[in-house]
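Me: I am new to this structure. Please take a close look at one part of it, then show me how that part sits among the rest.

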Amino acid sequence: RTEGKGVWRRGIATLPAVLPSMSSPDGPPSPMKEKVDLAKEKAAEYAAIGKEYAAAGAQKAKELAGKVLAKDESGGYLVVNEAKARYQAIAARGAAFSKDILDKADISQEDLSKLHRIPAVVSLASLVIGLLLIFSHYNTGWVRGMMWINGEVYEAYVSTTTAELGKDGADSDVLKKYFDGCGSGLFGNGKTCALSTLCAGPTTPYDKPEKSTPDQAWCDLEDAGGLANTLLTVGLIPGLGTFILTFIFAAKEIGKVGLVLSKAESQGISMTAQKYIIAGCWIAFWGFLFVSMVAYAATVPDTLGVGLLTLEASFGVVRLSFLLVTVFGALLIVTLFDLWRPDGFIEAWMEFSETPCLSAKKALYIELMLQLACYLAMFVDEVKWEMLLVVICAYYVDAKVKNFMVMYVVLTTASILFDLITLNFMPQDWQVYTPGQAFTHGLFMVVLILKFLILGTIYLYEKENDGESSGWKQMAPDPEKGEEDEIAE
């Protein structure tokens, strides 16, 4: 025991030699003390910078709040008045520009008023669809997969005619080492290689052919792309017909166009036959788009050697075009043959127009339309059946049936929870996304924000309807009034 105390005392005595004192002014400075002092200096420096930024931000916020809340002599907000003035100036310039174009085309405002609105809108939509298809034709984003050369794995982006390696062709130089003629395509800018060149096989043999993408895979992609190109090109012929014929039908009340249709009728082509021709062009256009997608998806290979191929944004543009043709074609056909009465649509539009701008109901309409547009654009990546929730909410707002509101709130809340899981799984570095993925993921964020806004606006909308005796339809029938239990109309 005595010996143990002696060892303990000798150990204590040697501590000053082993660990120099950090507080002794006479001893050498401790490395740890220098680090602590440097950290304190940096912290003070960053704190000062943070205070400067905070003060500047507070000043900016104060100035911005002053501008936003500033009012003129009549009590109106200056920001609103300035926005109205800018909008009126832009509208005036647009009206002047359109008037110049109409004057050059010898079309008067009276002629424009004679246009049938639905066929005119559908005709314009067919032109936009055609441009979308041409845009997607040569873009290397139809399929994406992992290929390999001599055991080295690369990401490949493939169009209907060409392929490139890496994002924006960053790794395409690898192909040039083994394939003569790569990088000389018309649209490749030196970064793409024709599928026909890849299908012919490497001009410089691989060192490890067993660990390289087989030539047959590129041949299958070339065959699939060629088939899709043929179907889409042929389909653009009735697509052009849909634009021209639909626009002519929309302008049939205009004198010059009416004469053309009258001559067609005198030749034995009745108005009913003309309607069937227009409908046939839309159906043919629709059919070629569908068959081209099915044929391409069925004939592309499963893999390029590593993993599976996935459909990309350019194929998604064709899918979006197919959806637009379906919607606008159906709208035109039911209009041509009077298969529906537009009274309900007109009534809904009038209700939207007459709703006060600064109201929860108007905000709901705008938010739902914006969300529906985002869902349609997301068809580039995948089909989003969540957009049916927009229909449910729109019916609730229009018909004031409360059980549809409850249905929408429950389903939207569940979808938000799933969206939060997806949001946390998504990569935070947007540099890793392809252009199509960046586009659709940005829309995903907008849709998620809109879901919260819509739920909040529904709460405000209900508050607006509190106290109105006819604000909601009864959820249960009243037998005393002769009402029967039936499904909501």
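Reply: Start with serine 136. At 1% relative accessibility, serine 136 counts as buried, because the cut-off for that word is under 20%. The model is predicted, and every value here is computed from it.

Serine 136 lies in helix H5. Leave aside its neighbours within four places in sequence. Serine 136 is then in contact with Trp142, Ser314, Val317 and Val318.

Follow Trp142 next. Trp142, Tyr296 and Phe315 form one aromatic cluster. A search of the whole structure finds eleven aromatic pairs. One of them joins tyrosine 395 and phenylalanine 404. Their ring centres are 4.7 Å apart, with 55° between the planes, and the pair is tilted. Tyrosine 395 is partly exposed, at a relative accessible area of 25%.

Now go back to helix H5. The helix covers residues 117-137 and also holds leucine 127. Leucine 127 is partly exposed, with a relative accessible area of 36%. It belongs to a nonpolar patch on the surface, together with Leu124, Val128, Leu131 and Ile134. The patch has about 460 Å² of accessible area together.

Two other buried residues are worth a stop. Serine 292 is found in helix H10, residues 271-299. Its relative accessible area is 2%, and serine 292 is buried. A polar atom of its side chain lies 2.7 Å from the backbone oxygen of leucine 289. Beyond neighbours within four places in sequence, serine 292 is in contact with Ala228, Leu231 and Leu232.

Leucine 198 is found in helix H7, residues 195-199. At 0% relative accessibility, leucine 198 counts as buried. Not counting residues up to four places away in sequence, it touches Ala163, Leu175, Phe179, Cys182, Cys193, Asp215 and Trp218. Leucine 198 and aspartate 215 are 17 residues apart along the chain, and their C-alpha atoms are separated by 6.7 Å.

Charged pairs come next. Side chains of opposite charge can pair when their charged atoms come close. The count comes to seven salt bridges. Glutamate 155 forms one with arginine 144, the closest N and O atoms being 2.8 Å apart. Glutamate 155 lies in strand S2 (residues 152-158) and arginine 144 in strand S1 (residues 143-149), so the bridge ties together parts eleven residues apart in sequence. Glutamate 155 counts as partly exposed, at 24% relative accessibility.

Another salt bridge sits within a single helix. Aspartate 173 pairs with lysine 176, with the closest N and O atoms 3.4 Å apart. Both lie in helix H6, three residues apart, about one turn of the helix. Lysine 176 counts as partly exposed, at 35%.

A further bridge joins the side chains of lysine 402 and glutamate 462, at 3.8 Å from N to O. This pair links distant parts of the chain, 60 residues apart: lysine 402 is in helix H15 and glutamate 462 in helix H16. Lysine 402 is partly exposed, at 29%, whereas glutamate 462 is buried, at 18%. Elsewhere, salt bridges that share partners join Arg144, Glu155 and Glu312 into one network.

Last, the whole protein. It has 16 helices and five strands. Of its 489 residues, 34% count as buried. Among contacts with a separation of 6 or more, 66% come from residues 24 or more positions apart. The accessible surface comes to about 30300 Å², and 65% of that belongs to carbon and sulfur atoms.

How values were computed:
Residues numbered from 1 in each chain as written. Predicted model: local features only at pLDDT ≥ 70, side-chain atom pairs only at ≥ 80, totals over all residues. Heavy atoms only, no water. Phe/Tyr/Trp six-rings, centres within 6.5 Å; stacked < 30°, edge-to-face > 60°. Buried < 20%, exposed > 50% of the residue type's maximum accessible area, 1.4 Å probe, protein only. Patch = residues over 30% accessible without salt bridge, like charges linked within 9 Å, V, L, I, M, F, W, Y side chains within 5 Å. Areas by Shrake-Rupley, 256 points an atom, 1.4 Å probe, with all protein chains shown as cover. Salt bridge = Lys/Arg side-chain N within 4 Å of Asp/Glu carboxyl O. Helix = DSSP H or I, 4+ residues; strand = E, 2+ residues; numbered from the N terminus. Contact = heavy atoms within 4.5 Å. Polar contact = N/O pair within 3.5 Å; in protein donor to acceptor, adjacent residues only side chain to side chain.
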